[in-house]
Amino acid sequence: MKIFVSAFFLVLALGFLQPAGAQSVIVESARFCKGDNPAWQKADFDDSAWQVLALDKDWFQQGVRNANAYGWYRLHVVIPSSLKGGVTGDILLDMGPIDDTDETWLNGHLVGKTGRNPKEEGGFEGKWDTPRRYVVSPEWVRWDEENVIAVRVYNGGEPGGFYAQPVNITRPELKDYAGITLERKGNECVATLSSRIKTGGTVEAQLRDVLTDELLSSKTWKVRPTGKKDLSFPQSFREGVRVVFSYRDDKFDDFLEANICAPYILTPPAPATPRYNGPLVFGVRPGSPVIFRLAFSGEKPMTYKAEGLPEGVVLDSGKGVLSGSVKEEGDYPIVFTATNAKGSTSASFTLKVGARIALTPPMGWNSWNCWGTSVSQEKVMASAVALINRGLADYGYSYMNIDDAWEADERAADGTILTNEKFPDMKALADWLHGNGLRLGIYSSPGSHTCGGYLGSLGHEEQDAKTWNEWGIDYLKYDWCGYNKVFAASSDRSTAAYMRPYVKMQQFLREQPRDIFYSLCQYGMNHVWEWGAFVDANSWRTTGDINDTWASLYDIGFVRQAGLHPYAGPGHWNDPDMLVVGKVGWSDKLWDSRLTPDEQYTHISLWSLLAANMLIGCPLDQIDDFTFNLLCNNEVNAVNQDILGHQAHQDVVEDNVQIWSRDLYDGGKAVGIFNLGEAVMPTLLRGALEKIGIEADTVRDLWRQKDIPTDSVYQIPSHGVLYVKVK
Ligand code: GLA
């Protein structure tokens, strides 16, 4: 049984609201005050003059503007003695994520801390997406009386504070004390079971077929897991199987589960004959250089033809690269034909010469998620060469974007921005890319410095835009970060104040005689999606930085993109951040993405549905077959590049299931059925489609590229997806 406490009848009624036997108490709101004062952690501090805030909405949503600053919550709650007597006697404060850091006291005792505040050693580290679950010793609780939970929050940028859920005070679960982590060691799967309490139980390892879920073999161990214990399951790490480790505890009536599987490829091999995989339209402004590479898979060598090219545009028939420029606005229908030893294929395409660019979401590569600040011209070039040689360019990937850390420490005497020693010749890099029909992107900040501490464009906006044009830059990611200082110095928190630095740079970008895709990066502050298009931006990041964990993918993908579909469309896209598949590391030390293969299918399916920027974040010269096939499924990518440009909406949200769908220009609909739970989910496809009003006998399975009947039950793996197109 649960009871709810709302601040509106806080102290008054609290004492009378405890039905005997309550197993959890839910606190929906709390007293709040901006600022910082150690006295506020004490239980007896009088906060009656503080304002009341809901805990499932952030500061920004409740009219509180408090960026780069502290604020305190104080929750008043009677904790019923019926919560006593759990397995360990402790209680749990289940508080959800907090933007960005917190320290939490119960009746004056520090019970938890997450993230790092600016003046601490190592500097600010936000943990806005980490759920806070603090286990509290019973001796600090005032049973059946009012308790005070004081929470000091630091917010490094909007929106700030508690935001995702009410606070739940309950008994801890097994997962609050113990955990299983799985690791691959050669062809063995090793589970590490660790626990902070004395208990014991049974571990079972199961080997299951990844697609049918059939049990292939199993093994069990009796364990006393205090401390750490390694359990290995030999011969288990091979394609097509999933290893599931579960631990059932003797004391807790509860179990832990973790699973791992070797990568498995669903995308069928591309035919040897030419197949067009590129976008059906491309927008260019009158007079701007046309830089476009025909994206045909199939056996090489290949020769290319284009019928209907407008005056001023030529085709390199050996490379399949369009160049030149068009003076007159208009739609120019073109037919591309590619021929190889196995055959010939034609595709219809439209070059749209007009004010609007980025008619479909950008596809390409960005250096950040792999190389971080260790990026160099050599590394960019290695990925660019691989983009062509490994065939990713045959699927429409065309932007090669350098993120932070290309900038020299100082500008030239006349103020010109310079590259550092890792980038000996930016123009040569751009020329090489353009000659191959690819494009070059760069990164800067409207502040004096970037997030990585490099020089930003503040005060040099016009000069930088000109320099980038001279180099041949085609994409700018403009990252707020260092602009915080300018922002903090003024009290203006209007939308215009958020737009100001972005409008300024766009004015200078538009003065250049080339098209520069304009990517805003300010983590979604002040609902950037509502005004990004007015800044004439081509995309805007909607959240903080992604990382290669399920928690991050879940929060960014399944929580924070909900409701954003009205704001995306041809020319301007919501950007849920770059891809975390393949090798990542944000430094020169890389590792394989920690997302499971199923989570990676979910990641790419969701980004395809969301019409998101498809910027690969791994070194392409090291790409493995699994990752290549994940990124180069032409039917999955066709949804992302659909010319209607309708972003998917979240149609169904149930405990462990979400269904997202989007309309396509050919009258079809793409539907992703996601299993967000920890166990395989058998799903009658017909039933799932009926939930969103679709009746169909067969649909197209986009990953496997085959028609499948809807009256069958499909096994959707944990954190996995069934991604279909309804005709
Ligand atoms: C911010 C951005 C990242 C990356 C880094 C570079 O964190 O959100 O995507 O550009 O800065 O310093």
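Predicted model: local features only at pLDDT ≥ 70, side-chain atom pairs only at ≥ 80, totals over all residues.
**Entry: G179**

I placed G179 in strand β13. I then listed its contacts, leaving aside neighbours within four places in sequence, and got T192, L193, S194 and L256. I also checked G179 against K228: the two are 49 residues apart in sequence, and their C-alpha atoms are 9.7 Å apart in space.

**Entry: Q206**

I went on to Q206, which sits in strand β15, residues 201–209. Its relative accessibility is 15%, and I noted Q206 as buried because the cut-off for that is under 20%. With neighbours within four places in sequence set aside, I found Q206 in contact with L215, S217, S218, F233, R242, V243 and V244. One of these, R242, is 36 residues from Q206 in sequence, and the C-alpha atoms of the pair are 8.0 Å apart.

**Entry: salt bridges**

How many salt bridges does a search of the whole structure find? I got 37.

I started with E173 and R133, whose side chains meet in a salt bridge at 3.6 Å, N to O. E173 lies in the loop between β12 (167–170) and β13 (178–185), and R133 lies in strand β9 (residues 131–136), so the pair ties together parts that are 40 residues apart in sequence. I noted E173 as partly exposed, with a relative accessible area of 35%. R133 is also partly exposed, at 25%. I then followed the links and found a network of salt bridges that joins D94, R133, E173 and D176.

I turned to R500 and D492, where the salt bridge is 3.4 Å, N to O. R500 has a relative accessible area of 45% and is partly exposed. D492 is partly exposed too, at 28%.

I also looked up K583, which forms a salt bridge with D592. The closest N and O atoms of that pair are 3.1 Å apart. K583 counts as partly exposed, at 26% relative accessibility.

**Entry: helices α3 and α4**

Two packed helices are described by the angle between their axes and the distance between the axes. I looked up both values for helix α3 (residues 377–389) and helix α4 (residues 426–435): the angle is about 5 degrees, and the axes are 11 Å apart. Angles under 35 degrees count as roughly parallel, so I wrote down α3 and α4 as roughly parallel to each other.

Which residues make the contact? On α3 I listed Q377, V380, M381, A384, V385 and I388, and on α4 I listed M426, L429, W432 and L433. I sorted the residues of this contact by type and got nine nonpolar, one polar and no charged.

Conventions
Residues numbered from 1 in each chain as written. Heavy atoms only, no water. Salt bridge = Lys/Arg side-chain N within 4 Å of Asp/Glu carboxyl O. Helix = DSSP H or I, 4+ residues; strand = E, 2+ residues; numbered from the N terminus. Buried < 20%, exposed > 50% of the residue type's maximum accessible area, 1.4 Å probe, protein only. Axes fitted to C-alpha atoms, helices over the stretch in contact; angles between N-to-C directions. Parallel < 35°, antiparallel > 145°, perpendicular 65-115°, else oblique. Contact = heavy atoms within 4.5 Å. Nonpolar A, V, L, I, M, F, W, Y, C, P; charged D, E, K, R; others polar.
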